[in-house]
Amino acid sequence: MGEDQNSDLNYVDWFRHSSPYINSHRGKTFVIFIPGEAVECHLFPNIISDLALMDSLGVRLVLVQGARPQINRVLKNRHLTSAIHYGFRVTPQDQLLDIIQASAGVRVQLEAQLSMGLANTPMAGARLKVCSGNYVIARPLGVVDGIDFGHSGEVRRIDRDAIFRLLEDDNMVLLPHLGFSPTGEVFNLKGEDVATQAAIQLKADKLIMFNEEEGILNSEEQLLSELLARDAQELVDGMDDEDSTKAALKSCVDAVRSGVPRAHLISYNENGGLIRELFTREGAGTMVDEDSYEQLRPASIDDVGGMMALLAPLEEKGVLVRRSRELLENEIERFILVERDGAIVACAALYPFEEEQSGELACLAVSPAYRGSNRGERLLKGIEQAARKQGLSTLFLLTTRTAHWFIERGFIAGSVSHLPVKKQALYNYQRNSKIFIKHLT
């Protein structure tokens, strides 16, 4: 098989696996913040193409533009200084027109890019309709700690009804970082705040913040694909006010704590980061999730008693193979679990077979009192992430009673010959468990 054919098959496989995400996102409302830095990035045409693709897949898009570097450049050319306090730009009367002109330039550039439809380009046949207007109602920041912020303001409300009418008519809505007051004044707003309030007041399904960095990294410089709001807030509190990531991450936290189900931090410097985050399993940036009373974490020796209580009913029914306390203690590092208010409500284990780059998903159990939610899927996702981190390319499992649950989540039927050699030798023909395999992408 040639290299081109392999590439085609990889594309087909990726496209098939993206189908659940396409179906899930269709008809949903996403608010996307595009900072001025992203507009000047060499990959910006690709971002435009990705937005057009999302629109064609039925996602309702509200774009919020920033213009920070463009404003800085205009003011510098006029030899004007711009003061920043508490993360807000002070906007004197004599600088307001310059700021409006810089913002309008970015808006026109965005609208022009979204209007492209050249043949032999990703935008061919797009015919996007983009609407912008006075949909952001603002009020002045006023005087804070003796500092007069002039024409800098904050969001008072978003005109939800007007925006919804535009979205229902298949329009893409573009909101500037400028707001208008009932008295006819114009206020310079933080683009991040406009995006946050738009997501909250429109009850958006997602808030997506483009940022320079790929996401949030841990102390080992590894990307954190998911953060709870409380953990993200701790990071925000420790960041410098000049760090652009701070404002973007704060927006994510504020949004999910006000009812937006998910918020994402994605780099405009990564080609296709938006598509990867939304339409692939592995994602591309950092997702901020709402705070939860539940915690997905590695198991420890202190958890063995709670795990035995969870597993015992399933072992008695023959759904799971019986495990002794000693065995659980010896293999505790293989387990992850979901803890709720100090009680273990679900667990699962990963046993690697490194020679075959394969891993066994075992002992996945959810307490009967906590079924009907997504705890099983959270465990499966955690096991898949652990498997990828260990360099494993496939997962397999043996089950007697729960085949359809795994089939619905991408596993396919296999045979004993598909198992790692060491596992084949341990296969219990009397139990006659069904074998299912999943390739990790």
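Start with the cartoon view: the chain's secondary structure comes to 15 helices and 25 strands. Keep in mind that this is a predicted model.

Of the 441 residues, 47% are buried. If you draw the contacts between residues at least 6 apart in sequence, 70% of them join residues at least 24 apart.

Next, select residues 229-237, helix α8, together with residues 244-256, helix α9. How do these two pack? Their axes are 9 Å apart, at an angle of about 150°. An angle over 145 degrees counts as roughly antiparallel, so that is how α8 and α9 run relative to each other. Their crossing is left-handed.

Show side chains for the contact. From α8, pick Ala229, Ala232, Gln233, Leu235 and Val236; from α9, pick Lys246, Leu249, Lys250, Val253 and Val256. Colour them by type and you get seven nonpolar residues, one polar and two charged.

Last stop: residues 421-426, helix α15, where you'll find Lys423. Is Lys423 buried or exposed? Its relative accessible area is 14%, under the 20% cut-off, so Lys423 counts as buried. To see what Lys423 touches, leave out residues up to four places away in sequence and select Phe353, Glu360, Phe396 and Leu398.

Technical notes:
Residues are numbered from 1 along each chain as its sequence is written. This is a predicted model: local features need pLDDT of at least 70, side-chain atom pairs count only at pLDDT 80 or more; totals for chains, interfaces and linings use all residues. Side-chain values use heavy atoms; hydrogens and water are left out. Axes are lines fitted to C-alpha atoms, for helices over the stretch in contact, and angles run from 0 to 180 degrees between N-to-C directions. Helices (H or I, at least four residues) and strands (E, at least two) are DSSP runs, numbered from the N terminus. Angles under 35 degrees count as roughly parallel, over 145 as roughly antiparallel, 65 to 115 as roughly perpendicular and the rest as oblique. A crossing is left-handed if the near helix is turned anticlockwise from the far one by less than a right angle, and right-handed if clockwise. Contact means heavy atoms within 4.5 Å. Ala, Val, Leu, Ile, Met, Phe, Trp, Tyr, Cys and Pro count as nonpolar, Asp, Glu, Lys and Arg as charged, and the others, Gly among them, as polar. Buried means under 20% relative accessible area, exposed over 50%, partly exposed in between (1.4 Å probe, protein chains only).
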